[in-house]
Amino acid sequence: MNVKKTIAFAVATLFAMNVNAQVNLLEVEIADAALKAKYETFRKEMTVMSEEMAPLVTRWRELQSDNSAAAQAAKAAIEVKADSIDDVMTKQMKRFIKENRNNELPAYVIAANYYNFNIDELREMLAPNTGYFNSPGLDRAKAHLQALEKRQPGKHFAELTMKNLEGKTVRLSDYVGKGKYVLVDFWASWCGPCRQEMPNVVNSYERFRGKGYEIVGVSFDQKEDAWKKAVGDLGMTWPQMSDLKGWECAAHDAYGVNSIPSNVLVGPDGVIVATDLRGQALLKKLEEVLGASGEAK
């Protein structure tokens with residue numbers, strides 16, 4: 001990862017993803033006997049760890065809405081254990097993909113787990129000179145990589161058209177590329193990690209608002225009432241937009257958003273300058289581009 005997350009935050013983010021927190025290695029037919037045996041051995045190893053992860057996910061979700069001290073402590077313990085398992089699983093997948101670069105096997109692993117890898121890892125895994133590049137099962141992984149490429153620093157922002165809190169159709173270009181630094185913040189009312197991060201985003205707005213900085217919230221909600229309530233409860237006083245399609249949100253494909261919270265910081269000219277800024281990293285970047293006092297450099 002380019003930016004190392006805390007253990008708890010990394011795992012909480014995993015639980016907020018539009019996937020099961022397990023390695024879903026597909027049942028596949030492999031003609032070559034030797035390759036089939038190699039794949040089955042790997043799949044069984046992953047299944048053992050996946051089965052160890054499953055009850056942790058179930059228990060974490062049961063505790064998700066419980067804000068008592070005991071529940072918070074229990075969730076933290078679960079997150080530490082789950083993070084440890086997830087780390088081992090991811091390393092094993094990377095090793096397997098690298099060792100089998102010249103045959104078809106990595107295609108099955110990547111197809112089911114491309115969301116576990118960052119853009120640099122995917123670029124290497126999906127290189128045209130691999131033995132599995134033309135596998136039709138990799139179409140979604142390739143599309144995801146293309147979407148991630150769109151949000152890299154130096155790229156122009158991708159347009160989004162949705163409804164605001166008043167039900168009016170708005171476009172991202174109504175706010176972005178107008179001479180300010182704009183944080184496009186991807187979140188949802190049901191996302192625990194989003195709620196945990198929001199005080200940092202609010203702090204950035206209070207500090208730099210009116211000094212060349214704006215925020216636009218892009219919600220992955222499905223329920224309008226929950227979306228509107230969370231905006232008020234969390235003190236989000238900046239513009240909001242959503243198509244209320246959950247993980248089918250247009251931002252999912254346009255910006256390669258497979259987990260939240262996530263964001264892109266767009267410069268005054270509409271060009272992306274940074275991605276996934278959280279906590280102090282967000283404030284540090286804003287100080288860098290706007291100055292400590294908020295005056296544009």
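Here is a quick tour of this protein, from its overall make-up down to single residues.

The structure is a predicted model, where local features need pLDDT of at least 70, side-chain atom pairs count only at pLDDT 80 or more, and totals for chains, interfaces and linings use all residues. Residues are numbered from 1 along each chain as its sequence is written, and side-chain values use heavy atoms, with hydrogens and water left out. The protein has ten helices and seven strands; helices (H or I, at least four residues) and strands (E, at least two) are DSSP runs, numbered from the N terminus.

**The big picture**

- The average pLDDT is 87, and 89% of the residues score at least 70; pLDDT is the predictor's confidence in each residue, from 0 to 100.
- Over residues 1-23 the pLDDT is below 50, and in the model this stretch has 56 contacts beyond near neighbours in sequence. Contact here means heavy atoms within 4.5 Å.
- Of the 297 residues in the protein, 51% are buried. Buried means under 20% relative accessible area, exposed over 50%, and partly exposed in between (1.4 Å probe, protein chains only).
- Take the contacts with a separation of 6 or more: residues 24 or more positions apart account for 69% of them.

**Helices**

- Helix 6 (residues 139-150) has twelve residues and spans 17 Å from first C-alpha to last, close to the 16 Å expected at 1.5 Å a residue. That expected span is 1.5 Å times one less than the number of residues.
- The buried residues in helix 6 include Ala141, Lys142, His144, Leu145, Ala147 and Leu148. An α-helix has 3.6 residues a turn, so residues three or four places apart point the same way.
- Among the elements covering those buried residues of helix 6 are helix 4 (105-113), helix 5 (119-125) and helix 9 (250-254).
- Over in helix 3 (residues 69-99) you'll find Val88, which is partly exposed with a relative accessible area of 38%. Val88 and Met49 are 39 residues apart along the chain, yet their C-alpha atoms are separated by 8.7 Å.

**Strands and their partners**

- Strand 3 (residues 181-187) is mostly covered, with seven of its seven residues buried.
- Tyr181, Leu183, Asp185 and Trp187 point one way from strand 3, while Val182, Val184 and Phe186 point the other way. In a regular strand the side chains alternate between the two faces of the sheet.
- Strand 3 runs parallel to strand 4 (residues 213-219), and seven bridges join them; two strands pair if DSSP finds at least two bridges between them. Val182 has Glu214 in strand 4 as its bridge partner.
- Strand 6 (residues 262-266) and strand 7 (residues 272-275) run antiparallel and are joined by three bridges. Val264 has Thr275 in strand 7 as its bridge partner.
- The hairpin of strand 6 and strand 7 has five residues between the strands, and Gly270 in that hairpin takes a positive phi near 85°.

**A buried glutamine**

- Gln240 sits in strand 5 (residues 240-242) and counts as buried, at 3% relative accessibility.
- The side chains of Gln240 and Trp187 make a polar contact at 3.1 Å. A polar contact is a pair of N or O atoms within 3.5 Å; within protein, one must be able to donate a hydrogen and the other to accept it, and residues adjacent in sequence count only if both atoms are side-chain atoms.
- Leaving aside neighbours within four places in sequence, the residues in contact with Gln240 include Lys163, Leu165, Gly217 and Trp227.

**Cysteines**

- A search of the whole structure turns up one disulfide, meaning a pair of cysteine sulfur atoms within 2.5 Å.
- Cys191 and Cys194 form that disulfide, with their sulfur atoms 2.4 Å apart, and both are buried.
- The torsion about the S-S bond of Cys191 and Cys194 is about 80°, so the disulfide is right-handed.
- Cys249 is buried too, with a relative accessible area of 1%.

- Most residues other than glycine have a negative phi, and most peptide bonds are trans.
- The peptide bond from Ile260 to Pro261 is cis, with omega near 5°; Pro261 is in the loop between helix 9 and strand 6.
- Leu244 isn't a glycine but has a positive phi of about 55°. This residue, Leu244, lies in the loop between strand 5 and helix 9.
- Asp276, also not a glycine, has a positive phi of about 50° and is in the loop between strand 7 and helix 10 (280-290).
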